[in-house]
Amino acid sequence: MIQIAIILFGLTMLYVSVTSRLESYVKAIAAQGAILFFLVLLDYGTTNPGNLIFLSFETLAVKAIAIPMFLMYVIRKNGIYREVEPSVTNYSSLAITTAIFAVGFYISYWAAGTVSNMRPFYFGISISTIVTGLFIIISRKKIITHVMGYMMMENGIFLLALSIAREMPFIVALGVLLDIFIAVYLLGLFINKVQDSYSDTHIDSLAKLKD
Amino acid sequence: MIETLLFLPVILAVLALVMRNRTLNIIMTSAYAAVFMAVAVALYRSHAAFTPYFRVDDLNILFLLVLAAVFCGVAVFNIDYLKKNEAPAKSHALFTANLLIFIASMTGVILSTHLALMWVFIEATTLSSSYLIYFSHSDASLEATWKYLFICSIGIAIAFVGMIILSMGLNHSDSLFFDDLYAGAKNISPFWLKLSFPIMLAGFGTKVGFAPMHAWLPDAHSESPSPVSALLSGTLLNAALMGIVRVNRLMTLAGMKWYAENLLLAIGFISIFVSAVYIISIKNYKRMLAYSSIENMGIIAICLGVGGAGMFAAMLHLAAHSITKAAFFLTSGNILHRFRSKNIDDVRGLLRSDPATGWLWMLCFAGIVGIPPFPIFLSEFLAAKSMIDTGMIAQLILFLLLLTINMAGIGKAVLRMSFGAAVEAAGEPRGGLFSYLPQWVFIALLLVMGVSLPGFVEELLHKAAAML
């Protein structure tokens with residue numbers, strides 16, 4: 001059951017790498033939040049009920065519902081639906097993501113043979129998700145896609161933290177602090193001038209400062 | 001005493017946001033700076049602890065004193081800066097509140113005894129300093145702030161990955177207190193430790209400004225108000241370096257000194273190389289100072305990587321760079337105020353039109369490139385000496401070559417700005433006493449350090465170096 005959930009998590013990243021519709025990105029982020037919620041319930045294994053309630057609230061209410069709804073709202077309000085002119089084509093994007101996953105799995109299964117205390121499935125998918133998130137930030141051009149790439153990377157980090165939750169539960173709770181950055185970005189896109197000047201534009205407009 | 005440093009600014013920040021009074025803002029910042037200095041000196045005399053999570057030891061007292069010195073200077077400069085500034089009362093209050101929280105979170109980074117707690121405070125420094133960078137509310141500052149937040153948040157996320165991976169390697173304990181990590185260093189699985197160090201180096205290194213993760217640094221330093229640039233360069237980079245230094249110690253204790261040293265050398269050389277490439281043809285003098293910060297952080301990384309006498313050199317360089325660069329950035333604020341341009345070509349004849357600024361500009365230049373008797377000469381000399389001791393001749397040649405290029409780049413710009421006929425300045429006339437006093441005090445401090453390193457300073461640096 002846990003393994004299926006993690007595979008689904010990995011599939012969302014492959015889906016993101018081929019699509020150019022921003023709404024699909026949001027759906028993938030919502031799906032990741034829901035999967036993380038299930039994993040917290042199934043696999044967190046804590047004896048502290050307060051911690052469990054906090055994390056399940058965080059994953060379900062914040063990651064799976066609130067953030068995606070807010071993103072949808074920003075996208076519809078600005079009328080931006082597509083990631084135009086990606087720096088790489090969908091095909092090569094998928095090829096690169098697949099390669100990242102293959103290398104991630106290879107390394108984690110190879111490492112699992114030499115070290116103890118490691119769950120290769122968790123490790124492979126979460127490391128690949130983190131790297132793919134970085135790849136999305138690098139290869140896409142809209143600011144809002146950058147923010148979404150950061151969210152996916154952060155979900156990957158959450159998954160990685162969950163894999164050692166039995167030994168160190170506080171690490172998972174700390175990972176939630178990264179959501180503060182996301183809140184700041186979204187507020188920036190929503191309230192601040194960033195919305196007018198940047199949310200629909202390319203990162204090219206962020207290139208005035210240079211040498 | 002530590003609790004004063006951490007809680008007082010929070011109370012003052014709330015007060016600033018509620019009262020929104022300009023004079024009160026200035027008084028509160030200065031008062032906190034004075035208290036900070038007094039407490040830092042008291043902590044130097046008798047090391048103290050506050051809960052298991054905060055403690056003063058021989059290493060972080062050096063960082064704390066440097067922070068105190070730079071903050072005091074900036075607070076004095078700030079009196080003039082905030083008086084002249086015509087921002088609305090709300091921005092004024094937000095600036096003060098964020099400044100206070102920024103200082104408190106850097107104090108938290110420096111004093112924390114727990115890796116995860118230190119990481120939380122580094123995140124807090126990012127959040128609190130972003131408004132300070134955005135303070136002028138221009139498009140350029142918005143761009144700089146966005147880049148700063150985004151790149152640093154990725155760095156912080158990556159540092160977190162490094163922490164998780166380090167936790168995977170802890171076999172017999174689940175504590176991330178530095179004391180426990182150090183005590184159990186031999187038990188940490190080498191595979192995970194080797195994997196986590198470069199990840200944490202990249203993550204924390206993003207905030208230190210090591211190349212190639214430095215993209216935010218020139219933008220943020222050049223677009224923020226000069227007192228904030230001084231704080232970013234003189235204190236924030238050090239605070240982030242604290243994370244690397246603490247983890248580097250873990251590597252040494254775990255018997256992987258060579259591994260960490262090589263990585264630090266590599267990242268240090270890349271940093272001074274990148275800064276040399278940009279600085280030689282730089283057009284904007286505030287960006288020039290920012291690249292110089294990348295260079296100096298690279299030098300510190302190299303000193304840490306060389307080891308031996310390099311450790312002492314690293315600590316001396318850290319202290320000297322912070323104070324010199326703070327003076328440099330504050331002086332650049334005076335020039336910007338007077339000429340309303342950050343372009344090197346627009347500024348001429350500083351020595352004729354405003355001798356005080358001109359001389360400060362020249363002295364800061366001499367300080368930053370390490371012309372004797374300034375202490376950076378001493379630290380770079382020691383770094384070179386320890387390279388010879390360890391037989392790194394090729395690295396030494398490259399090191400000196402890159403330092404010379406950096407020196408030439410900064411020197412060209414500074415001399416062009418200082419000499420020549422005085423040009424008509426577009427901005428306002430020279431500022432009051434407070435716009436000059438901190439820099440002169442900093443220069444005097446540096447000269448004392450460089451000419452005769454006082455016994456207690458030397459002891460402080462040696463004790464800190466012994467804990468690396």
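Q: Which element gives the largest share of the lining of the largest pocket?
A: That would be α6(B), with nine residues. Keep in mind that this is a predicted model.

Q: Thanks! And how much space lies in that largest pocket?
A: About 1200 Å³.

Q: Which residues are the closest to its centre?
A: From chain A they are Leu134(A), Ile137(A) and Ile138(A), and from chain B Ile151(B) and Ile154(B). The lining of this pocket has 47 residues.

Q: Which elements give two or more residues to the lining of the largest pocket?
A: On the chain A side, α4 (90–114), α5 (120–139) and α6 (143–162).

Q: How does the lining of the largest pocket split by class?
A: There are 34 nonpolar residues, along with seven polar and six charged ones.

Q: Let's switch to the second largest pocket. What is its volume?
A: About 790 Å³. Its lining has 33 residues, and the closest to the centre are Tyr81(B), Asn85(B), Leu336(B), His337(B) and Arg340(B).

Q: Which elements give two or more residues to the lining there?
A: They belong to chain B: α3 (60–84), α9, α10 (226–253) and α13 (309–339).

Q: Which one gives the most to the lining of the second largest pocket?
A: α13(B) does, with five residues.

Q: And how do the residues of that lining divide, nonpolar, polar and charged?
A: Nine are nonpolar, 13 polar and eleven charged in the second largest pocket.

Methods. Residues are numbered from 1 along each chain as its sequence is written. Chains are lettered from A and ligands numbered from 1 in the order in which they are written. This is a predicted model: local features need pLDDT of at least 70, side-chain atom pairs count only at pLDDT 80 or more; totals for chains, interfaces and linings use all residues. Side-chain values use heavy atoms; hydrogens and water are left out. On a 1 Å grid over the protein atoms alone, a cavity is a set of points where a 1.4 Å probe fits but cannot get out, and a pocket is an open set with protein on both sides within 12 Å along at least five of seven lines; lining residues have an atom within 4 Å of a point. Grid points are joined across faces, edges and corners, and a volume is the space filled by probe spheres set on the points. Helices (H or I, at least four residues) and strands (E, at least two) are DSSP runs, numbered from the N terminus. Ala, Val, Leu, Ile, Met, Phe, Trp, Tyr, Cys and Pro count as nonpolar, Asp, Glu, Lys and Arg as charged, and the others, Gly among them, as polar.
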